[in-house]
Amino acid sequence: MVLVGQARSGSTLLAAMLNRAGGLMINDAYALQAADELGLTRAPRPDAAERYRAACLDILRRRSVSAPPAPLHRSAVISPEALARASRVQGGGWAEIWGGMLRAAAQGRAFHGWNTPPDHLRADEILSAFPTARFVFLMRDPYAVLRSYKHLPEYWGRGRARYHPALQARAWAASARSLRRLSARHPQAVHALRYEDLLADPGRVMAGLARFLGVALPAPTPDELPRNASRAGAGLTRAELWVARRALGAEAAAMGYAPPSPEGLGLGGLLGRSLLAGVYYAGAALTSRDMRGRMLRLARA
């Protein structure tokens, strides 16, 4: 199972709920992107394969704990024995290595997978490698997503400069289009749910997800829900809403999401955001093959 959509939409929360329900979901895995950095998604390379094995093992270690309780961002529990099994997996391609490690770490569990929101743009690659893969799209009010990006926590450091309403709105619209296209081509492989429903009625949402996966998922109680990190902050200005609505096109309205009332004009703030985001993404594109690939795929989406 692959959790996809737009970041800041509650996928970390859903991954934690699925881990508590008996699965193994690796949060913020970005395993396919790690393969991109090594050039392994283009063709098998023995030298890159060994480095990718080490990278995947590092992902499993960093994104899990060895015993409960598990924090929200590392909600997977992988025992030392399971990690040892994963470390023995061999393979030449990214899917053989990453998939083999997940299966080894998840031995005895009802399902396994990962949470990487932009992987909806790689759906064809993933389905080619894993024909029985299931995609769960988690959609959220795009204006709440923008507010969440606008007020990223301090621990994001320089990554807080990534916010720009046009960029994240375009990414949200791309995820909505991916949901529509993938649902039409592979209806049996796609399940969509809304973040707002997940908070309002988690039992009903989990029951629908259980039917989709064909597994039993216990209904969570409110006190079992971990604190969500994707909470939205203060409102959006008129300038932010203007550029966001043009980037969203008709996608937000088609899903029933309406823009909120603006809070001030905010033209100067938007210009400052544009400068910060431009510097951030230019630097990322210059130093990261993965980021260049992500930006190109988003531009084409």
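Let me start with the residue classes: Ala, Val, Leu, Ile, Met, Phe, Trp, Tyr, Cys and Pro count as nonpolar, Asp, Glu, Lys and Arg as charged, and the others, Gly among them, as polar. Hold on to that for the pockets.

Hello everyone. What you see is a predicted model, where local features need pLDDT of at least 70, side-chain atom pairs count only at pLDDT 80 or more, and totals for chains, interfaces and linings use all residues. Numbering runs from 1 along each chain as its sequence is written, and side-chain values use heavy atoms, with hydrogens and water left out.

Pockets, then. On a 1 Å grid over the protein atoms alone, a pocket is an open set of points where a 1.4 Å probe fits, with protein on both sides within 12 Å along at least five of seven lines; lining residues have an atom within 4 Å of a point. Points are joined across faces, edges and corners, and the volume is the space filled by probe spheres set on them.

The largest pocket comes out at about 1200 Å³. It has 44 lining residues, and Tyr30, Pro118, Tyr149, Arg162 and Arg294 are the closest to its centre. By class, that lining splits into 21 nonpolar, 12 polar and 11 charged residues. Which helix gives the most to this lining? That is H14, with seven residues. H14 spans 289–300, and the other helices that supply at least two residues each include H1 (11–20), H3 (46–62) and H8. For the record, helices (H or I, at least four residues) and strands (E, at least two) are DSSP runs, numbered from the N terminus.

The second largest pocket has a volume of about 330 Å³. Here 16 residues form the lining, with Met1, His112, Thr132, Ala133 and Arg134 the closest to the centre. Helix H5 (94–105) and strand S5 (112–115) supply at least two residues each. The classes are 10 nonpolar, four polar and two charged.

Back to H8, residues 165–185, and to one residue in it, Ser178. Is Ser178 buried or exposed? Ser178 counts as buried because its relative accessibility is 6%; the cut-offs are under 20% relative accessible area for buried, over 50% for exposed, and partly exposed in between, with a 1.4 Å probe and protein chains only. Its side chain makes a polar contact with the side chain of His120, at 2.8 Å. A polar contact is a pair of N or O atoms within 3.5 Å; within protein, one must be able to donate a hydrogen and the other to accept it, and residues adjacent in sequence count only if both atoms are side-chain atoms. Beyond neighbours within four places in sequence, Ser178 is in contact (heavy atoms within 4.5 Å) with His120, Leu121, Phe137 and Ser183.

Next, helix H4, residues 80–87, where Ala82, Leu83 and Ala86 are buried. Down the axis, these buried residues fall within an arc of 100°, so they line one face of H4; the arc is taken over directions from the helix axis to the C-beta atoms. Pro80 and Glu81, on the other side of H4, are exposed. Cover for the buried residues includes H3 and H5.

Last, some backbone geometry. Most residues other than glycine have a negative phi, and most peptide bonds are trans. Asp28 has a positive phi of about 45°, and Tyr30 has one of about 50°. Tyr30 sits in the loop between S2 and H2, and counts as partly exposed because its relative accessibility is 21%. Pro68 and Pro69 are joined by a cis peptide bond, with omega about 5°.
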